[in-house]
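Q: Please take a close look at the charged side-chain pairs in this model. Where does each pair sit, and what lies around it?

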Amino acid sequence: MVTLKLLARLDQASTEIMAQLNENGRKLPLDQYLKYLNTPELLNANASFYSRVARIGDGADYRGVGLVSEWYDTNLHIYANILRRIRPTDKAIVVIYGQGHVPILKSLFATNPDFEVVEVKDVL
């Protein structure tokens, strides 16, 4: 079954990524680790997980789409909550979130003309 094979591949990929993240978290200084976590390659690898989850299901079963929709919904709520906290006098904000949230949040802020997204590597 395609779904079981896909789940097995996703589980294997997640296990490998987590092992790599944990290893680098132990050996890198904090500033280097944060830069590493925010590299385009690693952010894309994380985001690709959700792109592949959308494939789960068959026919009228869109279970994977439902899971990805919930993930986007969570991130849209995070984004709205951040926007609601910003005051007109604020000149800059810092958003610190788990690495899995970064691709979606970054996209939302990057497409909002009221914001300029600054990369972690440029401030550390």
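A: Helices here are DSSP runs of H or I with at least four residues, numbered from the N terminus. The model is predicted.

Start with the salt bridges. The count comes to 5.

Lysine 27 and glutamate 23 are joined by a salt bridge, 3.7 Å from N to O. The cut-off for such a pair is 4 Å. Both residues belong to helix α1, and they are 4 residues apart, about one helical turn. An α-helix has 3.6 residues a turn, so residues three or four places apart point the same way. Lysine 27 is exposed, at 54% relative accessibility.

Next comes arginine 63. Its side chain meets that of aspartate 61 in a salt bridge of 2.8 Å, N to O. Arginine 63 counts as exposed, with 54% relative accessibility. Aspartate 61 is partly exposed, at 29%.

The third pair reaches across the sequence. Glutamate 119 and lysine 106 form a salt bridge, with 2.8 Å between the closest N and O atoms. Lysine 106 is in helix α5 and glutamate 119 in the segment after α5, so the pair ties together parts that are 13 residues apart in sequence. Both ends are partly exposed: glutamate 119 at 26%, lysine 106 at 24%.

Now the aromatic rings. There are 5 aromatic pairs in the count. One of them joins phenylalanine 109 to phenylalanine 115, edge-to-face, with 4.9 Å centre to centre and 80° between the planes. Phenylalanine 109 is buried, at 8% relative accessibility. Phenylalanine 115 is partly exposed, at 25%. Elsewhere, ring pairs link Phe49, Tyr50 and Trp71 into a cluster.

In soluble globular proteins, nonpolar side chains tend to be buried together. The largest nonpolar core in this model has 14 residues, and Leu10, Val53, Ile56 and Tyr79 have the most contacts inside it. Helices α1 (2-27), α3 (40-53), α4 (63-85) and α5 (102-110) are the elements that give two or more residues to this core. Helix α4 provides the largest share, 5 residues. Two of these helices have come up already: α1 holds the lysine 27 and glutamate 23 pair, and α5 holds lysine 106.

Helix α2 has its own pattern. Its buried residues are Tyr33, Tyr36 and Leu37. Viewed down the axis of α2, they fall within an arc of 95°, so they line one face of the helix. Leucine 30 is also in α2, which runs over residues 30-37. This leucine is exposed, because its relative accessible area is 62% and the cut-off for exposed is over 50%.

Together with Leu34, Val118, Val123 and Leu124, Leu30 forms a nonpolar patch on the surface. The accessible area of these residues together is about 470 Å².

One lies within helix α1. One joins arginine 63 and aspartate 61.

Notes: Residues numbered from 1 in each chain as written. Predicted model: local features only at pLDDT ≥ 70, side-chain atom pairs only at ≥ 80, totals over all residues. Heavy atoms only, no water. Patch = residues over 30% accessible without salt bridge, like charges linked within 9 Å, V, L, I, M, F, W, Y side chains within 5 Å. Areas by Shrake-Rupley, 256 points an atom, 1.4 Å probe, with all protein chains shown as cover. Buried < 20%, exposed > 50% of the residue type's maximum accessible area, 1.4 Å probe, protein only. Phe/Tyr/Trp six-rings, centres within 6.5 Å; stacked < 30°, edge-to-face > 60°. Arc of directions from axis to C-beta. Core = buried A, V, L, I, M, F, W, Y, C linked by side-chain atoms within 4.5 Å.
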